[in-house]
Amino acid sequence: MSAKPFSDSRPGIVLPAALAVWVSGCATTDCDPGRGGFFRGLGCSASGSYGQRQQQMQASLDREQQTQAGLQSRYAQANQAAIESDAQRQAAEEEYAGLQRDIDALNAKAARSRTKKKDLSREIRSVQNQLDLLKADTMSPRAELDKRRAELDRRLKELEREVDLARGK
């Protein structure tokens, strides 16, 4: 009796067993439906690797969607902050422009006050010079000098009141 490597008495058992061993090798490899052939596909399908791969891909998709949602939320917050910042900047610019107008108005008022002060000082000196001339006048009649001195004194007091008003007293 000679030994045969394969027995003819069990051909129905050997072929399915060999096929099962060969197909089960797919469980340890990547079951990408885009790669491999018919037998690999059968092995991956039988071992549940396609289902696992689908679950992994779905979990990866879910993580990416959560990341995207988080980024969109951060973008919306940053955009809102930029809008608020722009509104605050615009309000500050408007306030600055208003303050600048106030400063310009105060500077113009100060310039008018300085001009008025110079004019009043000039007029006061003129009245004082006229009073000094009256004191030195010995030729004019006394009544005329007194009348003119009273007018100049009144005008000097008016000018001094204007100076006090200009100073805020």
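Predicted model: local features only at pLDDT ≥ 70, side-chain atom pairs only at ≥ 80, totals over all residues.
**Fold.** I looked up the secondary structure first. The protein has four helices and zero strands, so the order from the N terminus is simply α-α-α-α, helices being numbered from that end. I then checked contacts between residues at least 6 apart in sequence, and 29% of them join residues at least 24 apart.

**Surface.** Of the 169 residues, 11% are buried.

**Salt bridges.** Side chains of opposite charge can pair when their charged atoms come close. My count came to seven salt bridges.

Which residue forms a salt bridge with Glu123? I found Arg155, with the closest N and O atoms 2.2 Å apart. This pair links distant parts of the chain, since Glu123 sits in helix α3 (residues 49-136) and Arg155 in helix α4 (residues 142-167), 32 residues apart. Glu123 is partly exposed at 31% relative accessible area, and Arg155 is partly exposed at 25%.

I also picked out Arg155 with Glu158, a salt bridge at 3.2 Å, N to O. Both lie in helix α4, three residues apart, or about one turn of the helix. Glu158 has a relative accessible area of 34%, so I logged it as partly exposed. Elsewhere, salt bridges with shared partners join Asp86, Arg89 and Glu93 into one network.

Last, I looked at Arg148 and Glu151, whose side chains meet in a salt bridge at 3.4 Å, N to O. They too are in helix α4, three residues apart. Arg148 is partly exposed at 34%, and Glu151 is partly exposed at 32%.

Conventions
Residues numbered from 1 in each chain as written. Heavy atoms only, no water. Helix = DSSP H or I, 4+ residues; strand = E, 2+ residues; numbered from the N terminus. Buried < 20%, exposed > 50% of the residue type's maximum accessible area, 1.4 Å probe, protein only. Contact = heavy atoms within 4.5 Å. Salt bridge = Lys/Arg side-chain N within 4 Å of Asp/Glu carboxyl O.
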